[in-house]
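Q: Hi! Could you walk me through this structure before I set anything up?

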Amino acid sequence: MINRTASPQRLSEAEGAAWSGFLRAHALIARTLDAELRAAEKLSLSEFEILLHLSWAGGKLRMARIAHDVVLTGGGVTRIVARLEKLGFIERVSCPNDARGVFAALTDRGRARLKAAQTVHVQGVKRLFLGHASKGELRTLGKFFSRVAASAQAPVLACTLGDEVSARPGRNHAG
């Protein structure tokens, strides 16, 4: 008989189903949202997330803060920001207090593209994820994922430029 109980080396059946279900659902939803945003607005999901976080923060963030907030590497953010800059959706702005510091700032064109993309994104999130849960389940999931993210969160690099606003978990993606 196979031992299906949890051990330090093995997940229980319920743990394995929860973990693999989470990973599979996340991958499939992210892939679908990315494809829909690319088709409708010529933006990747990562590009959309950066524009969204910039909007939530009042239009300007340091590159390290963006990387932290959207959970990407610094190099990944640099490449995406370069593309968004080329498209005219953001611009790089030097920090007046630190010559080494660079902000990404949302342009009017970027705000307009974000607004158009939000409709596609919100419809997809509701159809692919939120529509499968009751209001009570959504509250429970919100609390659960907040705890999980808080326990796994990497420390934020110190910013010498004062208080920066960060996108908060649970904010409505409608902006």
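Here is a short chat about its fold, confidence, surface and salt bridges.

Q: First things first, what kind of model is this?
A: It's a predicted model. The mean pLDDT of the protein is 85, and 83% of the residues reach at least 70.

Q: Which elements have the lowest and the highest mean pLDDT?
A: Strand 3, residues 98-106, has the lowest mean at 82. Helix 5, residues 108-128, has the highest at 97.

Q: And where does pLDDT stay under 50?
A: Over residues 157-175. The model has 35 contacts beyond four places in sequence for that stretch.

Q: Good to know. How many helices and strands are there?
A: Six helices and three strands. Starting at the N terminus, the order is α-α-β-α-α-β-β-α-α.

Q: What share of the contacts joins residues at least 24 apart?
A: Counting contacts between residues at least 6 apart in sequence, 60% join residues at least 24 apart.

Q: What about burial, how much of the protein is buried?
A: Buried residues are 31% of the 175 in the protein. The protein exposes about 11,400 Å², and 58% of that comes from carbon and sulfur atoms.

Q: Let's pick a residue. Is F48 buried or exposed?
A: F48 is buried, because its relative accessibility is 0%, and the cut-off for buried is under 20%. F48 sits in helix 2, residues 45-56.

Q: What does F48 touch?
A: Leaving out residues up to four places away in sequence, F48 touches L37, L114, A117, Q118 and H121.

Q: How far is F48 from L84?
A: The two are 9.7 Å apart in space, C-alpha to C-alpha, and 36 residues apart in sequence.

Q: Switching to the surface: which residues form the nonpolar patch?
A: L11, W19, F22, L23, F129, L130, F144, F145 and V148. Together they have about 770 Å² of accessible area.

Q: Which helices each supply at least two of the patch residues?
A: Helix 1 (13-41) and helix 6 (135-152). V148, for one, lies in helix 6.

Q: Now charges. How many salt bridges does a search of the whole structure find?
A: Six. As background, side chains of opposite charge can pair when their charged atoms come close.

Q: Nice. How far apart are the closest N and O atoms of R127 and E36?
A: They are 2.2 Å apart, and the two residues form a salt bridge. This pair links distant parts of the chain, with R127 in helix 5 and E36 in helix 1, 91 residues apart.

Q: What does R113 pair with?
A: R113 forms a salt bridge with E41, and their closest N and O atoms are 3.6 Å apart. That pair also links distant parts of the chain: R113 is in helix 5 and E41 in helix 1, 72 residues apart.

Q: Is E41 buried or exposed?
A: E41 counts as buried because its relative accessibility is 15%, under the 20% cut-off. R113 is partly exposed at 24%.

Q: Last topic, backbone angles. What is the phi of K42?
A: It is positive, about 60°, although K42 is not a glycine. K42 sits in the loop between helix 1 and helix 2, and K42 is exposed at 56% relative accessible area.

Q: And what is the phi of V71?
A: V71 has a positive phi of about 55°, and V71 isn't a glycine either. You'll find V71 in the loop between helix 3 (63-70) and helix 4 (74-86). V71 is exposed, because its relative accessible area of 70% is over the 50% cut-off.

Terms used: Residues numbered from 1 in each chain as written. Predicted model: local features only at pLDDT ≥ 70, side-chain atom pairs only at ≥ 80, totals over all residues. Heavy atoms only, no water. Patch = residues over 30% accessible without salt bridge, like charges linked within 9 Å, V, L, I, M, F, W, Y side chains within 5 Å. Areas by Shrake-Rupley, 256 points an atom, 1.4 Å probe, with all protein chains shown as cover. Salt bridge = Lys/Arg side-chain N within 4 Å of Asp/Glu carboxyl O. Helix = DSSP H or I, 4+ residues; strand = E, 2+ residues; numbered from the N terminus. pLDDT = per-residue confidence, 0-100. Contact = heavy atoms within 4.5 Å. Buried < 20%, exposed > 50% of the residue type's maximum accessible area, 1.4 Å probe, protein only.
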